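Hi,

Here is the structure I promised to pass on to you. Have a look at it first, and then read my notes below.

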Amino acid sequence: MIAVIDVRGAENDGLRAIAELASTATEGGIAILALVNSSQSPQIVEQCFDSGATHYLDYTDTGADLAQSIKYAYRYAENFRGGAERTSHEQSMLTSADLQWSMSFSPVSEYWISDSLRAAASEIDFGRYPATGIYRNLSSEERKRVRGAMGRLRDGARQAAVPHRFKGRSVIHHLHEADGRIFGRIEYLANNEEVDDWTGRDLLSGLRNTAAARTWVRQKLEAGNQLTLITIGLKNFRMINAAFGRNVGDQLLRIVGHRLMDQTQRLYAGSQIVARLDGQNFLIALADMQSSEISAFSVDLFDSVFSDLQWEGRPIHLVARAGVAIGNQDSSEKTLIRKAILALAEATAADALPIKFSSVSEADVHLEELLEDQLAGAMGRGEIVIAFQPQLRVATGQLTGAEALARWEHPEYGLLGASTLFSVAERAGVMESLSTQIHKQALTLAANWPESLGFLSLSLNVTAGDLAAATFDSDILQQVDKAGFEATRLTLEITESELIGNLSASADTLQRLRTAGVRIAIDDFGTGYSSLSYLKQLPVDYLKIDSGLTSDISGSPKGQVVVRSIIDMAHSLHLSVIAEGVETESQLGILAEQGCEYFQGFLRSGPLSPDEFEAFALRSN
């Protein structure tokens, strides 16, 4: 599933090897990891990417870790092949043509051909050749692709796809295995493009992939075109996946991708490309669109693509956001795409307008890229530091513990906060190793608190990647044991959105941690799904009220009602409540009246360095 190519000192041979593997890498769900040394060849990373590499490890960084890089590559390949979870068969919601079939693996094979497929291929005798009717009409090259895809299914892949011609049109033939059957579905490419060069295609959606989009954007900029880039993301896609299952989520991505392609062609006659970037994110690039037309185009696109989505008769409400960036021949494709992605991130974080035009300068984008390049080295140099936010009892003001917060002590830009640190880590692909390092540092520091502070608890934030790891519970308990900290004094804080992705697996993991004495808190409660039903399923000790809700309670009667209802609900489930962001005595007084047990915020103390926190705690004690 992973090809590791060492191009150090052999750049030309390595790049050729990457290019040769890339054609099968995309089709087979293989990750290509290039080992490079950018100090000897500054452009080598970009050259590897253009040749088709999916990952790279730069040995110029002192923190380069081959084992971790292989783990990232493995997760990429596993996700490409359909994920570790078993997919199940559900009716397609994608094509109006409904061109589907299925075949069982039993000794007496059973076949099913949809009526629409029989009608569309009336010249095929499905009665005589139910399993091979379409196969017999393919070219020899197309038959080779089918055999390769079926072989991958037999070898354990959950899904595969084959490009070929059907009724004179270019199609993608999606295949997946579930419950002892193989299922097939034929999708027409909306613009009838040739698909012989499969390396530029995204297997799931059939759209162009990131590499093809980057090449297109670069060529258009070099040709002097003005480009409008629109990045589109599905804000609530994880909730859709949790509610309907991964297979439905995949099909939803396909239908959105094809609607984007259809409607972009309908609304704009100029040169264009529609691509899937990653996960639930898409990119539309338009050449020479008038600036005055961009807003109207974006609004029309949203109205036509994201309305009237249904699953088995039930409407599906997708919350879509978009980021827009405009560039010309003075822009690089890397910077322009980054500006559009950053604008999408701003639109996703906000609850106001769904479409955000980029307001960042190229200097800001270059700073983001610089930080991404520097982060791995910063982790190795000890620039990631821990601050402790005191947590206190509302009724008495007694110090009860601290939340560990990560900061980047950058030698040039000063202390960078957690939001910057984690957003950079996410884009740099080092979230897993960063989270592990933060947990180890915080546990080690807390284990060294003076004996008189042995009653204090420690709260650690847990990411979605942490929770998704199969060995997370055993890993964190091993870190606790190694640091010499007591598991009964540890609280793990998890946001609602990170739990909702895979509720049953999350519940099992958290229960094992609870059995070991670790306590669980739901962080930022009131900003996500806030569902009583999932709280009943999870082993939880605390709810943390988001600071945005806390700030409203002293001036807004409605804010007080919301907070009171959260506290009452928590108590009905035998949970304690921690309020974040308490800044005034008035807020603290209202929380006390409403029965909130704990608080943190600048009213008593902001985040403190380890030494400052120890002094604060000893004074409080």
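Glu110 and Arg181 pair up in a salt bridge, with their closest N and O atoms 3.8 Å apart. This pair ties together distant parts of the chain: Glu110 is in the loop between β4 (99–104) and β5 (111–113), while Arg181 is in strand β8 (residues 181–188), 71 residues apart. Arg181 counts as buried because its relative accessible area is 18%, and the cut-off for buried is under 20%. Keep in mind that this is a predicted model.

If you're new to this kind of pairing: side chains of opposite charge can pair when their charged atoms come close.

Another pair to find is Arg214 with Glu333, where the closest N and O atoms are 3.2 Å apart. That one also links distant parts of the chain, with Arg214 in helix α7 (residues 210–222) and Glu333 in helix α11 (residues 333–349), 119 residues apart. Both Arg214 and Glu333 are buried.

Then there's Asp6 with Arg8, whose side chains meet in a salt bridge at 2.8 Å, N to O. Here Asp6 is partly exposed, at 39% relative accessible area, and Arg8 is partly exposed too, at 35%. The structure holds 16 salt bridges.

**The chain as a whole**

The protein chain has 621 residues, and 49% of them are buried. Along it you'll find 23 helices and 24 strands. Of the contacts with a separation of 6 or more, 64% are between residues 24 or more positions apart. The accessible surface comes to about 27,500 Å², and carbon and sulfur atoms account for 49% of that.

**Helices that pack**

How do α12 and α13 pack? Helix α12 (residues 362–380) and helix α13 (residues 418–428) sit at an angle of about 75 degrees, with their axes 9 Å apart. The angle falls between 65 and 115 degrees, so α12 is roughly perpendicular to α13. The residues that meet are Glu368, Leu371, Glu372 and Leu375 from α12, and Thr420, Leu421, Val424, Ala425, Arg427 and Ala428 from α13.

Helix α13 also packs with helix α14 (residues 431–447): their axes come within 8 Å and cross at roughly 140 degrees. That makes α13 oblique to α14. Leu421, Phe422, Ala425 and Glu426 of α13 make this contact with Met431, Leu434 and Ile438 of α14.

Is Ile567 buried or exposed? Ile567, in helix α21, is buried, with a relative accessible area of 0%. Leaving out residues up to four places away in sequence, Ile567 touches Ile545, Val577, Gln594, Gly595 and Cys596. Gly595 is 28 residues from Ile567 along the chain, yet their C-alpha atoms are separated by 7.1 Å.

Tyr59 is in the loop between β3 (55–58) and α3 (66–80).

Finally, check the backbone at Asp288 and His574. Asp288 isn't a glycine, but its phi is positive, near 60 degrees; Asp288 sits in the loop between β11 (281–287) and α10 (291–305). His574 also has a positive phi, near 65 degrees, and lies in the loop between α21 (557–572) and β23 (576–579). His574 is exposed, at 72% relative accessible area.

Cheers

Note on methods: Residues numbered from 1 in each chain as written. Predicted model: local features only at pLDDT ≥ 70, side-chain atom pairs only at ≥ 80, totals over all residues. Heavy atoms only, no water. Helix = DSSP H or I, 4+ residues; strand = E, 2+ residues; numbered from the N terminus. Axes fitted to C-alpha atoms, helices over the stretch in contact; angles between N-to-C directions. Parallel < 35°, antiparallel > 145°, perpendicular 65-115°, else oblique. Contact = heavy atoms within 4.5 Å. Buried < 20%, exposed > 50% of the residue type's maximum accessible area, 1.4 Å probe, protein only. Areas by Shrake-Rupley, 256 points an atom, 1.4 Å probe, with all protein chains shown as cover. Salt bridge = Lys/Arg side-chain N within 4 Å of Asp/Glu carboxyl O.
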